[in-house]
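Subject: Structure handover

Hello,

Here is the structure I promised to pass on. My notes on it follow below.

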Amino acid sequence: MTQSAKQWYASWFDTPYYHILYKDRDYSEAQGFMDNLTNYLNLPEGGKILDLACGKGRHSVYLNSLGYKVIGADLSEQSIAHAKQFENETLNFKVHDMSKPYPDTFDAVFNLFTSFGYFEDENCNLETIKSIKSELSEYGFGVIDFMNVNHVIDNLVVENIKTVEGIDFHQKRRLEEGYIIKDISFEVNNVSYDFQERVKAFTLEDFQQLFEKAGVYLLDVFGDYKLGTYHPKTSERLIMIFK
Ligand SMILES: C[S@@+](CC[C@H](N)C(=O)[O-])C[C@H]1O[C@@H](n2cnc3c(N)ncnc32)[C@H](O)[C@@H]1O
């Protein structure tokens, strides 16, 4: 089965194989990041958070355990179906396209773990920032946690094989026409699968242009999950706080 690059994110993120490949995600690091971020933002007690592109809800569930009212929203029906088992009165999950405004306002809107820059139609990236703006309450903050492309490009592993649950995932990475592309191929029960991840290599300057067009203001930039200083060459993350 070969998936076309068009709307790769709508198919690949909805497969079980995506979740198998990345099952070793670091939950304690993600939780530490949420502790640091919510402390820094000084969100009101019981404040409302939208976790945009929440996947299976790992950040949403933890934020809710800290006392926040959380909506987790994602395009992937499979991920939302999985996350719904964690729902309670103050934690809900919805299938939603982040380039469209969610019909409510929040004290914070989080877009975490490089969940931006996937769209074929580049205008949808700007529409996503505009949508986040519309989702912020008067004192609300937007947060985008993106890869630092400079660091990623300098450390690109061109090819490797990762074996998870007996599946050999062959991964090839390259920078092509401003996109970081990862080809992933593997075989399960004698069926070959090929998927591609394609993420726009946005720099801080690219985001600043988007923010200006969308009419939001960049307040702060951090370079890691401990909210350390952002260094353009060496930081692993590009974490932007805006309103
Ligand atoms: C790298 S994953 C991160 C998931 C989650 N934030 C986490 O840290 O586990 C990116 C997520 O973006 C979602 N996504 C892609 N395009 C989307 C869109 N247009 N609207 C909402 N979610 C989208 C995918 O389904 C996937 O769950």
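Start with threonine 203. Leaving aside neighbours within four places in sequence, threonine 203 is in contact with Val149, Asn150 and Leu238; contact means heavy atoms within 4.5 Å. Threonine 203 sits in the loop between strand 9 and helix 8. Valine 149 is 54 residues away along the chain, yet the two C-alpha atoms are separated by 6.4 Å.

Some ground rules. This is a predicted model, in which local features need pLDDT of at least 70, side-chain atom pairs count only at pLDDT 80 or more, and totals for chains, interfaces and linings use all residues. Residues are numbered from 1 along each chain as its sequence is written, and side-chain values use heavy atoms, with hydrogens and water left out. Helices (H or I, at least four residues) and strands (E, at least two) are DSSP runs, numbered from the N terminus. Two strands pair if DSSP finds at least two bridges between them.

Seven strands form an open sheet in the order 3-2-1-4-5-11-10, with mixed pairing. Strand 3 (91-95) and strand 10 (218-222) are at the edges; each has a single partner strand, so one side of each is left without a neighbour in the sheet. From one strand to the next, the twist averages 15 degrees. Axes here are lines fitted to C-alpha atoms, for helices over the stretch in contact, and angles run from 0 to 180 degrees between N-to-C directions.

Look next at strand 5 (residues 136-147) and strand 11 (residues 237-242). They run antiparallel and are joined by six bridges. Aspartate 145 stands opposite isoleucine 239 in strand 11.

Two helices go with this sheet. Helix 8 (residues 204-214) packs on it and touches strand 5, strand 10 and strand 11. The direction of helix 8 makes about 20 degrees with that of strand 11. Helix 6 (residues 123-135) lies across strand 1 (48-52), strand 4 (106-111), strand 5 and strand 11. Helix 6 runs at about 145 degrees to strand 5.

A second open sheet has four strands in the order 6-7-8-9, with antiparallel pairing. Strand 6 and strand 9 (191-200) are the edge strands, and each pairs on one side only. Here the twist averages 20 degrees from one strand to the next.

Strand 6 (residues 159-164) pairs with strand 7 (residues 167-176) over six bridges. Lysine 162 stands opposite phenylalanine 169 in strand 7. The hairpin of these strands has two residues between them, and glutamate 165 takes a positive phi near 50 degrees there.

Strand 7 also runs antiparallel to strand 8 (residues 179-188), with seven bridges joining them. Glutamate 176 is opposite tyrosine 179 in strand 8, and lysine 172 is opposite aspartate 183 in strand 8. This hairpin, too, has two residues between the strands; in it, glutamate 177 takes a positive phi near 45 degrees.

The ligand

What surrounds the ligand? The shell holds 21 residues, and the closest are Ala53, Arg58, Asp74, Asp97 and Met98. A residue counts as near if one of its heavy atoms lies within 4 Å. The shell divides into 11 nonpolar, six polar and four charged residues. Nonpolar means Ala, Val, Leu, Ile, Met, Phe, Trp, Tyr, Cys and Pro; charged means Asp, Glu, Lys and Arg; the others, Gly among them, count as polar.

Now some atom distances. A polar side-chain atom of arginine 58 lies 2.8 Å from a ligand oxygen atom. A polar backbone atom of methionine 98 is 2.9 Å from a ligand nitrogen atom. For leucine 112, a polar backbone atom is 3.2 Å from a nitrogen atom of the ligand. Taken alone, the ligand exposes 600 Å², and the protein buries 97% of that. Those areas come from the Shrake-Rupley method with a 1.4 Å probe.

Best wishes

Key:
Polar contact = N/O pair within 3.5 Å; in protein donor to acceptor, adjacent residues only side chain to side chain.
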